[in-house]
Amino acid sequence: MSEDSFPREEKHMPRRPDPDLEGKILDAAQKLWKKGGEKALTMRTVAQGAGTNTPAVYRRFRNRQDILRALLQRIRLEMAATLEAGSSPEEACERYLDFAVSHPREYELFYQHEYELFHSARSSRDGVKPVVRPARNAMRQRVAEKFGGAPGEHEGLVTALWMVSHGAAMLLIAKTILPKDAEEARAVFKATVAALLRQGPQFVTGAKLAHI
């Protein structure tokens, strides 16, 4: 009997890990969050959306909270890039509001889940450390360019601009300000930001909120 008559054992090469899988998982998580918020995002649905299995997701993220933390940080970077593209604090504030209103589900992570994910007792027990907020750093830079000094020297003014921008975003997202009045509300927002900046850093002094 010839050698070719014997069945040959098939050699299976081990599957190589997908270097892009973490990104695919976060892509799937972002789509699910945008579609249905917290209820839509589970480890199983994320795995299905990423084209993988649940154990593969658990190898990269301990639980859903870990996915949300990574997703929140990704959105932070997107917002920071949006603000950095602004040439002034005024434009950065406009861009902040545009981003929030056009990404309401993603923005929800900031105002409903940030404390729980990064600052709560549970997150401390899990060994989670607060992370840098790049969007705030971008605003610090624009304010420093306008008034001089180093980024971080005008924390009171940066905080005031952030509070005004966030408040406007929430009112528009929730439609507390009716859609028919949104254009007028945007004009009021723009005037408020301009007024704060005309007063300059001396208008808001003594703030010690650098961790925000």
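For sorting residues by class, Ala, Val, Leu, Ile, Met, Phe, Trp, Tyr, Cys and Pro count as nonpolar, Asp, Glu, Lys and Arg as charged, and the others, Gly among them, as polar. The structure is a predicted model, in which local features need pLDDT of at least 70 and side-chain atom pairs count only at pLDDT 80 or more, while totals for chains, interfaces and linings use all residues. Residues are numbered from 1 along each chain as its sequence is written, and side-chain values use heavy atoms, with hydrogens and water left out.

How far can the model be trusted? The score to look at is pLDDT, the predictor's confidence in each residue, from 0 to 100. Its mean over the protein chain is 88, and 88% of the residues reach 70 or more. Residues 1-7 are another story: pLDDT is below 50 there, and beyond near neighbours in sequence this stretch has one contact (heavy atoms within 4.5 Å) in the model. Where pLDDT is low, the predicted coordinates should not be read in detail.

As for the overall layout, the protein chain has 10 helices and zero strands. Both kinds of element are DSSP runs numbered from the N terminus, with helices being H or I of at least four residues and strands E of at least two. Read along the sequence, that gives α-α-α-α-α-α-α-α-α-α. Of the 212 residues in the chain, 38% count as buried, where buried means under 20% relative accessible area, exposed over 50% and partly exposed in between (1.4 Å probe, protein chains only). Among contacts between residues at least 6 apart in sequence, 68% join residues at least 24 apart.

Helix 9 takes up residues 155-173, which makes 19 residues, and it reaches 26 Å from its first C-alpha to its last, close to the 27 Å expected at 1.5 Å a residue. That expected span is 1.5 Å times one less than the number of residues in the helix.

Helix 5 can be read in the same way. Its 14 residues reach 20 Å, close to the 20 Å expected. Its buried residues are Pro 89, Ala 92, Cys 93, Glu 94, Tyr 96, Leu 97, Phe 99 and Ala 100, and these pack against helix 4, helix 6, helix 8, helix 9 and helix 10.

The loop between helix 9 and helix 10 holds Lys 175, whose phi is near 60 degrees, a positive value in a residue other than glycine. Ile 177 sits in this loop too. It counts as partly exposed because its relative accessibility is 23%. Leaving aside neighbours within four places in sequence, Ile 177 is in contact with Leu 171, Leu 172, Ala 182 and Ala 185.

Val 46, in helix 2 (residues 43-50), counts as buried because its relative accessibility is 0%. Not counting residues up to four places away in sequence, Val 46 touches Ile 25, Ala 28, Ala 29, Leu 32, Leu 41 and Ile 67. Val 46 and Gln 30 are 16 residues apart in sequence, and their C-alpha atoms are 9.2 Å apart in space.

Grid points are joined across faces, edges and corners, and a volume is the space filled by probe spheres set on the points. The largest pocket has a volume of about 420 Å³. It is lined by 20 residues, of which Tyr 96, Phe 110, Glu 114, Arg 133 and Trp 162 lie nearest its centre. Helix 4 (64-84), helix 6, helix 8 and helix 9 are the elements that give two or more residues to this lining, and the largest share, eight residues, comes from helix 6. By class, the lining of the pocket has 12 nonpolar, four polar and four charged residues.

The structure also holds one cavity of 30 Å³ or more. The largest cavity is lined by Glu 38, Arg 64, Gln 65, Leu 68, His 113, Glu 116 and Leu 117, which by class are two nonpolar, two polar and three charged residues.

Notes: 1 Å grid on protein atoms, 1.4 Å probe; cavity = no way out; pocket = protein on both sides within 12 Å on 5 of 7 lines; lining within 4 Å.
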